[in-house]
Amino acid sequence: MDHSAPPPSSRPEHVAAQVTRVRAGAIAPGTEGDNLAEETPVALEFNGISHATMLATPADLEDFAVGFSLSEGIIDSVTDMRGIDLLPQCDGVVVQIEISSACEARLKSRRRAMAGRTGCGLCGVETLPEVLRPVAPVPAGAPLPVGAVLRAMRDMR
């Protein structure tokens, strides 16, 4: 496995969109194009065992898998990895990671039980099908006043 130059992901890391700008507390006239960072659910599987799903930019997922595996103590070095395969699916990407049998035994002995209290809501979810939850549609109505958004942003500080 060559980690010096991983192939680029087949999905872009940003998407083009039309945005409305707010300047000095007021909506600027018109809309303009901008690039927005894309996030997609990424499920990590080690030797066929679902481990975790999180949101990530769908680029450089091989590097993401290596970094996650090292920082979580699943592997001790890159040499413990035997291969990484990316399986794009309609609702995310499954990253299949093959690790040494010693690392797999250690992983099985201390399965991750992460309680997600904040964040994107995916913490603790192990597979892509668990990510998809029914969402009620937002009812039609007046848009949120810009002042309310600015107050909320100020209050978050």
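Me: In what order do the elements of the chain run from the N terminus on?
Reply: In this predicted model, the order is β-β-β-β-β-β-α-β-β-α-α-α. That gives four helices and eight strands.

Me: What makes Phe64 and Phe68 an aromatic pair?
Reply: Their ring centres are 6.4 Å apart, and rings pair if their centres lie within 6.5 Å. A search of the whole structure finds one aromatic pair.

Me: Why is the pair of Phe64 and Phe68 called tilted?
Reply: The angle between the planes is 35°. Under 30 degrees would count as stacked and over 60 as edge-to-face, so this pair falls to the rest, which is tilted.

Me: Where do Phe64 and Phe68 lie?
Reply: Both are in helix α1, residues 61-71, and they are four residues apart, about one turn of the helix.

Me: Why is Phe68 called buried?
Reply: Its relative accessible area is 9%, and buried means under 20%; therefore Phe68 counts as buried.

Me: How do you know that Phe64 is partly exposed?
Reply: Phe64 has 27% relative accessibility. Buried would need under 20% and exposed over 50%, so a value in between is partly exposed.

Me: What makes Leu87 partly exposed, and where is Leu87 placed?
Reply: Leu87 is in strand β7, residues 81-89. Its 34% relative accessibility lies between the 20% and 50% limits, so Leu87 counts as partly exposed.

Me: Which residues is Leu87 in contact with, leaving aside neighbours within four places in sequence?
Reply: They are Gly92, Val93, Val94 and Gln96, with heavy atoms within 4.5 Å as the criterion.

Technical notes. Residues are numbered from 1 along each chain as its sequence is written. This is a predicted model: local features need pLDDT of at least 70, side-chain atom pairs count only at pLDDT 80 or more; totals for chains, interfaces and linings use all residues. Side-chain values use heavy atoms; hydrogens and water are left out. Rings of Phe, Tyr and Trp (its six-membered ring) pair if their centres lie within 6.5 Å; planes under 30 degrees apart count as stacked, over 60 as edge-to-face and the rest as tilted. Helices (H or I, at least four residues) and strands (E, at least two) are DSSP runs, numbered from the N terminus. Buried means under 20% relative accessible area, exposed over 50%, partly exposed in between (1.4 Å probe, protein chains only).
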